[in-house]
Amino acid sequence: MAITYRGQASRLNKIESKQNASGFQEKSDPGPRQGVGGGSVSLNQAKASFEKRFSAPTKKKNFYGGEAYFQDGYGGDLASPAKINPITQRSKSSPFKINESLVAGAAVTGKKFVDAGAEVGKAMEENSPAKGPIEPAVVDLKEEEEEKPTNTSGVSKDDLTGND
Amino acid sequence: MAFSLKPHSEVFGIHEKTSQFGTPVILKDDLEEGVEAEANRDGTIFVNSKLSEKKIEEAVEHEKVHLDQIASGRLQYSADSVTWKRDTKSPARVYSRATMNEGHPDFEWEDEAYKQS
């Protein structure tokens, strides 16, 4: 199909009007939604999810001292900050705590740190040759030589030479 | 009609003597059993409200060391892990909170806090 000049011009106009639906200073069209969730919620869906909740709402004191119904998670007396137990308590709980029983326990179980180097050093010192009488006593070799007979085999010089 | 206003520390359960700007000390009576105090990453310190004044001061001193460790980037925690980096040269160690004995003095960060406080 041949495209006439007029046809082409009207087509381009359409495209342009689509592309420039909003001026450059106006907020642009957000476009189709990406990702999952966040869409419109129907009342029926909301009712169904509310019914799925496992705990019954309980009547508690609210922050203002009055009473209100609270669903899962919230605990304690909301009127008193010391007793309040917010829904995020679990994630708030810090691991850096002083636990009385743990500190006492560590003291009872004894040493928490053993200096391995010092222990090895001690063991080495006990068996060290410098401490024990391992080195032989000093002997005067000259004296020994003098005491010893020169011939220990029992054969005299004359026997060897054959002189009777 | 006359009415008296409570001081804000009483309303919010704050221990005024040890609290500082940015590190409020909050008195709590629902901490886990045996726990005297705990330092949170948001800079707050929870202290057991049943402790004596002297004990509170000691506990706050200890917890402030942890807050310093967090502020210097050596210590951090999430809901399920604790990350500890002794110094700039040592690698970061990640401990699982499910298996660790939280608050045990043998951990390096606790040992440091006990020595400094």
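One term before we start: contact here means heavy atoms within 4.5 Å. By that rule, chain A puts 20 residues into its contact with chain B, and chain B puts in 37 residues. Keep in mind that this is a predicted model.

Let's stay at the interface. About 2,500 Å² is buried between chain A and chain B. Carbon and sulfur atoms give 53% of that area.

Now the charges across the interface. There are three salt bridges between chain A and chain B. There are also six residue pairs in polar contact, both partners at pLDDT 80 or more. On the side of chain A that touches chain B, the elements giving two or more residues are helix 3 (89–92), strand 3 and helix 4 (100–109).

Look at Lys97(A) again. Lys97(A) forms a salt bridge with Glu102(B), with the closest N and O atoms 3.2 Å apart. That pair belongs to a network of salt bridges that links Lys97(A), Glu32(B), Glu38(B), Arg97(B) and Glu102(B).

Next, the fold of chain B. Chain B has three helices and six strands. Along the sequence, the pattern reads α-β-β-β-α-β-β-β-α. Chain B has 117 residues, and 44% of them count as buried. Take the contacts in chain B between residues at least 6 apart in sequence: 31% of them join residues at least 24 apart.

On to the core. The largest nonpolar core has 20 residues. Those with the most contacts inside this core are Phe96(A), Ile45(B), Val47(B), Val60(B), Leu75(B), Val82(B) and Trp109(B). So which elements give two or more residues to this core? From chain A, it is strand 3 (96–99). From chain B, they are strand 2 (35–39), strand 3 (45–48), helix 2 (53–71), strand 4 (75–77) and strand 5 (81–84). Helix 2 of chain B gives the largest share, five residues.

Let's take helix 2 of chain B by itself. Its 19 residues should span 27 Å at 1.5 Å a residue. The end C-alpha atoms are 26 Å apart, which agrees. Val60(B) touches Thr18(B), Val25(B), Ile45(B) and Val47(B), leaving out residues up to four places away in sequence. After helix 2 of chain B comes Gly73(B), with a positive phi near 80°.

Now salt bridges over all chains. The whole structure has nine.

First pair: Glu57(B) and Lys17(B), with the closest N and O atoms 2.8 Å apart. Glu57(B) sits in helix 2 of chain B, and Lys17(B) in the loop between helix 1 (8–12) and strand 1 (25–28) of chain B. They are 40 residues apart. Is Glu57(B) exposed or partly exposed? Partly exposed, because its relative accessibility is 31%. Lys17(B) is at 61%, so Lys17(B) counts as exposed.

Arg74(B) is in the loop between helix 2 and strand 4 of chain B, and Glu112(B) is in helix 3 (residues 108–116) of chain B, so the pair ties together parts 38 residues apart in sequence. Arg74(B) is partly exposed, with a relative accessible area of 22%.

An α-helix has 3.6 residues a turn, so residues three or four places apart point the same way. Lys115(B) is exposed, at 65% relative accessible area.

Last stop: Thr83(B), in strand 5 of chain B. At 27% relative accessibility, Thr83(B) counts as partly exposed. What does Thr83(B) contact, leaving aside neighbours within four places in sequence? Arg74(B), Leu75(B), Gln76(B), Ala92(B), Arg93(B) and Val94(B). Ser96(B) is 13 residues from Thr83(B) along the chain, and their C-alpha atoms are separated by 8.9 Å.

Note on methods. Residues are numbered from 1 along each chain as its sequence is written. Chains are lettered from A and ligands numbered from 1 in the order in which they are written. This is a predicted model: local features need pLDDT of at least 70, side-chain atom pairs count only at pLDDT 80 or more; totals for chains, interfaces and linings use all residues. Side-chain values use heavy atoms; hydrogens and water are left out. A nonpolar core is a set of buried Ala, Val, Leu, Ile, Met, Phe, Trp, Tyr and Cys residues joined through side-chain atoms within 4.5 Å. Buried means under 20% relative accessible area, exposed over 50%, partly exposed in between (1.4 Å probe, protein chains only). Helices (H or I, at least four residues) and strands (E, at least two) are DSSP runs, numbered from the N terminus. The expected span of a helix is 1.5 Å times one less than its number of residues. Buried area is the accessible area (1.4 Å probe) that two parts lose on being put together, summed over both. A salt bridge is a side-chain nitrogen of Lys or Arg within 4 Å of a carboxyl oxygen of Asp or Glu. A polar contact is a pair of N or O atoms within 3.5 Å; within protein, one must be able to donate a hydrogen and the other to accept it, and residues adjacent in sequence count only if both atoms are side-chain atoms.
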